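I am keeping these notes to record what I looked up, entry by entry.

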Protein chains: 2
Amino acid sequence: MKKLINRPEDVVREALEGVAAAHPDLVRVTYDPAVIVRADAPVQGKVGIVSGGGSGHEPMHGAFVGMGMLDAACPGEVFTSPTPDQMLAATQAVDGGAGVLHIVKNYTGDILNFEMAAELAGAEGIPVEAVVTNDDVAVQDSLYTAGRRGVGVTVLAEKITGAAAEEGRDLATVAELCRRVNANGRSMGMALTSCIVPAAGVPTFELADDEMEIGIGIHGEPGRERLKVEPAHDVVRRLAEPILEDLPFSSGDDVLAFVNGMGGTPDLELYIVYNELRKLLDAGGVRIARNLVGSYITSLEMAGCSITLLKLDDELTRLWDAPVKTAGLRWGA
Amino acid sequence: MKKLINRPEDVVREALEGVAAAHPDLVRVTYDPAVIVRADAPVQGKVGIVSGGGSGHEPMHGAFVGMGMLDAACPGEVFTSPTPDQMLAATQAVDGGAGVLHIVKNYTGDILNFEMAAELAGAEGIPVEAVVTNDDVAVQDSLYTAGRRGVGVTVLAEKITGAAAEEGRDLATVAELCRRVNANGRSMGMALTSCIVPAAGVPTFELADDEMEIGIGIHGEPGRERLKVEPAHDVVRRLAEPILEDLPFSSGDDVLAFVNGMGGTPDLELYIVYNELRKLLDAGGVRIARNLVGSYITSLEMAGCSITLLKLDDELTRLWDAPVKTAGLRWGA
């Protein structure tokens, strides 16, 4: 294992120290329990938005804390759920009197721990609504999941609900919006290489020099099938067609097309994937009204990509376009 | 070789098609010759800023085209200089009557081709000034260079001169500013793995499973020494100390600290590197007034990082903070 780290057990804490030092204008960091909180939290009268999960998926979630997106993120150890006390501390820190939304990716540990934190917060008089994202069409159940996994849609939901909360919408409305984003979004990913979890020191899985895994999970969980590597044109078809059929997306739909790198894939390749995707969608009459191309929900240094499509309406588009100021996404302000 | 591409010979063109499709609000792309031009170029009365070089270093330079940064970028084939006709076309496209600055990284091919383009543009009555960046302290001469290589400072120079041009400064002033940024900036990089150039199909160099290369170039050119892998704490010392000694930076200096990923290194590791760097600088009395942490000048999927320090003054700080709106850097507008 070759990584730019000190001791594997210190990876998350030391990275958090780096984040705190680099972005004091955006966030403050607490360590016991570990929470990344928006610098000006709690914002009085605003619904607080909290997400979290295992580390190793950066910039998600910590770099999405800031104006117009998350109020707090709870970083677990690498690929390990954060604990209920992290989520409770985050919820307390961002409660501005309008309640708190938990955005939870569908993994068993995350679900259980966020539920426990929500109960504890509720007992303290903080109203919490939780929305689970489960947009990955690759497999029905998986290694860490009952039902579909939550992946790329989570990034989009954090941006869109963050904008709505910033506008002063109430908790029920923001939660309903989050469910709508999840209901209208679908994703699928693939890998060319495994990643190495620092504490494990060896690859999570083995792929031959001429193989790829279609439908991979963001922790390297098995996907749909292992195939010989194909040109980008064919890889995109294998990811996009199951997504299009699942919702289904139809000719005339406006979508946000999100091409995501898994961590070890250069932008050059992501734009080739985007180019193939837009040709495929054009051919089917699906219009890309907005796009996001880059590595936003990663699996450490895994090489590969995922595609997420979100069916847009005027409200979702407007909230996507609203100002955001975080380390990972920033525009309009 | 496993990459998300179609034919290796189509990599750059297809990625450019993806960029054009994803960012029509920011850029337009021409293909013969290949140039990425700011969507609203030429901006009348503004100095035009052009850079370029081999592809494979994304987001540099193409994703730095837009308001407050570059007016055009010339993408060569992967790790290959663009041709004089690309640079001439870029210069013509961005000339708004106030002349054009060429920002050229110090590699022999880039220098020759930009010189030829400047002569041709001059013959057409377009005043051109060229500034060469050569901030890499690792080696004096290298595989593709007489003198030091131009690396991370180039990103900072593009941002800072872009802001000055936006304010309406004249060509001589903007060029002088670019020389000042280069004179006050120093960099050094390292690699844990090689990258694979698509047209070659094999790693550019071989590194053993327990080795790193200190002082690597952004095309995988040999550095200072090959060593056993060390903790991040020691790696940062090996990069930062030669940088600090070279300018030299002194106690009391304000700096912009830029921790750059080579492409295959997760953000988690870059923030650990940043954390080590700020502790080292703190101990020496050097104050980090601004920072940039992320993968901005890459070597395809190479794992590794570079550190760039730029000594700041009030003017450089103000121009760094000025609004920028590009695919790769965006804030304040």
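**Entry 1: ground rules**

I note that this is a predicted model, in which local features need pLDDT of at least 70 and side-chain atom pairs count only at pLDDT 80 or more, while totals for chains, interfaces and linings use all residues. Residues are numbered from 1 along each chain as its sequence is written, chains are lettered from A and ligands numbered from 1 in the order in which they are written, and side-chain values use heavy atoms, with hydrogens and water left out.

**Entry 2: salt bridges within a helix**

I looked up the salt bridges, each being a side-chain nitrogen of Lys or Arg within 4 Å of a carboxyl oxygen of Asp or Glu, and found 54 of them over all chains. I started with A:E176 and A:R179, whose closest N and O atoms are 3.4 Å apart in a salt bridge. Both residues belong to helix 5 of chain A, residues 171–183, and sit three residues apart, about one turn of the helix. (Helices are DSSP runs of H or I with at least four residues, strands are runs of E with at least two, and both are numbered from the N terminus.)

Then I checked accessibility, where buried means under 20% relative accessible area, exposed means over 50%, and partly exposed lies in between, with a 1.4 Å probe and protein chains only. A:E176 counts as partly exposed because its relative accessibility is 46%, and A:R179 is partly exposed at 33%.

In chain B I found B:K279 and B:E276 joined by a salt bridge of 3.9 Å, N to O. These two are three residues apart in helix 7 of chain B (residues 267–283), so about one helical turn separates them. Which of them is buried and which is partly exposed? B:E276 counts as buried because its relative accessibility is 6%, whereas B:K279, at 37%, counts as partly exposed.

I next looked at B:D253 and B:K311, which form a salt bridge with their closest N and O atoms 3.7 Å apart. B:D253 lies in the loop between helix 6 (232–246) and strand 10 (254–261) of chain B, and B:K311 in strand 12 (residues 304–311), so the pair ties together parts that are 58 residues apart in sequence. B:D253 is buried at 10% relative accessibility, while B:K311 is partly exposed with 29%.

**Entry 3: the two domains of chain A**

I read that the domain assignment of chain A gives domain 1 (8–184) and domain 2 (185–313); such bounds come from an automatic or database domain assignment. Their C-alpha centres lie 23 Å apart. Counting contact as heavy atoms within 4.5 Å, I noted 34 residues from domain 1 and 36 residues from domain 2 of chain A.

The area buried between these domains is about 2700 Å², with carbon and sulfur atoms giving 64%; buried area is the accessible area (1.4 Å probe) that two parts lose on being put together, summed over both. On the side of domain 1, A:F79, A:V137 and A:N184 lose the most area to domain 2, together 23% of what that side buries.

How many salt bridges cross this interface of domain 1 and domain 2 of chain A? The rule finds two. I also looked at A:D313 and A:R180, whose side chains meet in a salt bridge of 2.4 Å, N to O. Both belong to a network of salt bridges that also links A:E167, A:R169, A:E315 and A:R318.

**Entry 4: chain B against chain A**

Finally I looked at the contact of the two chains, which takes 54 residues from chain B and 54 residues from chain A. Together they bury about 4400 Å², 62% of it on carbon and sulfur atoms. In chain B, the residues that lose the most area to chain A are B:K2, B:L4 and B:L268, together 21% of what that side buries.

Helix 1 (11–22), helix 6, helix 7, strand 11 (287–294), strand 12 and strand 14 (330–331) of chain B each supply at least two residues of the side that touches chain A. The largest share of that side, ten residues, comes from helix 7 of chain B.
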